[in-house]
Amino acid sequence: MSETPYYISLKEAINIAHKSPLSIETEQVSLDEAHGRILATDLFSKVNDPPFDNSAMDGFAVRFEDTNEAPTTLSVVATSQAAASDDTISISTGEAVQIMTGAPLPKGADAIIPIEACTVDGDSVTLNQPSKPNFIRRCGENIKQGVVGLKEGSHLSPQSISMCATMGYDQIPVVKKLKIGIISTGDELKSPGETLSFGEIYESNSYGLSGLVKALGHIPIRYPSVVDSIDDLRRQFDQASSECDIFLTSGGVSMGEWDFVRKLMEEEGNIAFWRVRLRPGSPPLFGHWNETPMFGLPGNPVSSHVVFRMLVTPYLRRSLGTSFPIDRIVHAKLLTDVRSTNDCLTLRRVTLRSTREGFLAEQPKHQGSGNIDSLSSADGLTLLQPGQSGKTGEWIEVLLL
Ligand code: AMP
Ligand code: MG
């Protein structure tokens, strides 16, 4: 077993984990399947967008020099519609072409008068205001052919999928979704829906972690929870490491007699770090089992969520070469005292209210790390640096949930 760094900062922990990133595979998908995926290469536009000069308004295409005084009457010589196949339409002095939004600009025209500023009378049109050379969308003004429209690592949001289509792609290369195993551990755990006996609680972490994995666009594989037994854990670790790209455990990583995840990793796995200066969530470990990366998350429900957000998410982000998901951090003024610590980054659960003064943060629930209600009813997590006061009135950083 390698030497185990002990009680390191979050930054150090992330850096250690980054030394063994996941290996990433790519695949082609159709645009219909691309939502939420990560783009695997830079994407160059195959076309100019727009591909031709066209009108931004319904109205009349005119010559600017004919129409810089109002009123002016012109004769209407043709109509240009969107998808017009006739590219021979042109105007000369004293002429106008009726034009629809998106339709090609006739040759000779260099201004558009919106329909609202015109009076039409048979084959002539009177412009009630002088034209300006505007309302024309020029060829390539959005993006030029051959220019990178989306960078490798982009998160494919609805708007970036529209961008792919605009650039002419029907298939795009994306990073393959990761299979992420989730193993909860503990003798006391029962599945929701079953009847609890004395001493038992409902297993909740694997469901929350599964949701976090899905929110990042990957595939959670939720294994049945494992009792506190080295042999059972070993069997489950073997299965997860052969079926998944990475796996997460919850529970069993503290100092106790029954913290078998830590014990098994110490004796038979490879631990890169254990214990991070993070509150809640201080005993997480990261290492490898049969070469497969694994994060051992603490069992307390709030802690397992916090550690996923603070450690697993940055690890996946860096491994996949993406900045998604961006940590959304706001500044907020504290309406209640929030207890900080001297040595840890402290993440308390707060609700937020948006006011003219900015965000106001309140801590309405007790902050036990077993209290999932404090997390499910919160809007954000405080990012209190070691030693920061956390007193009422202080402006602090809050990570949005
Ligand atoms: P551990 O880290 O195993 O000592 O667990 C710490 C606390 O978290 C204990 O109170 C456990 O009962 C609780 N816990 C552990 N795993 C889970 C789980 N999967 N769902 C809900 N609570 C859990
Ligand atoms: Mg346990």
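On a 1 Å grid over the protein atoms alone, a pocket is an open set of points where a 1.4 Å probe fits, with protein on both sides within 12 Å along at least five of seven lines; its lining residues have an atom within 4 Å of a point. Grid points are joined across faces, edges and corners, and a volume is the space filled by probe spheres set on the points.

This is a predicted model, where local features need pLDDT of at least 70, side-chain atom pairs count only at pLDDT 80 or more, and totals for chains, interfaces and linings use all residues. Residues are numbered from 1 along each chain as its sequence is written, ligands are numbered from 1 in the order in which they are written, and side-chain values use heavy atoms, with hydrogens and water left out.

**Exercise 1. Describe the largest pocket and its lining.**

Step 1. Start with the volume, which is about 390 Å³ for the largest pocket.

Step 2. Go to the lining of 28 residues, where Glu-188, Gly-251, Pro-298, Gly-299 and Asn-300 are the closest to the centre.

Step 3. Sort the lining by class (Ala, Val, Leu, Ile, Met, Phe, Trp, Tyr, Cys and Pro are nonpolar; Asp, Glu, Lys and Arg are charged; the others, Gly among them, are polar). The lining of the largest pocket has nine nonpolar, 14 polar and five charged residues.

Step 4. Look for elements, taking helices (H or I, at least four residues) and strands (E, at least two) as DSSP runs numbered from the N terminus. Strand 16 (201-202) and helix 6 (301-320) each supply at least two residues of this lining.

**Exercise 2. Which residues lie nearest the centre of the second largest pocket, and where in the fold is Pro-325?**

Step 1. About 240 Å³ of space lies in the second largest pocket.

Step 2. Its lining has 13 residues, with Ala-215, Leu-216, Arg-309, Pro-325 and Leu-401 nearest the centre. Helix 6 gives the most to this lining, with three residues.

Step 3. Pro-325 belongs to the loop between helix 6 and strand 23 (329-334), and the peptide bond from Phe-324 to Pro-325 is cis, with omega near -5 degrees.
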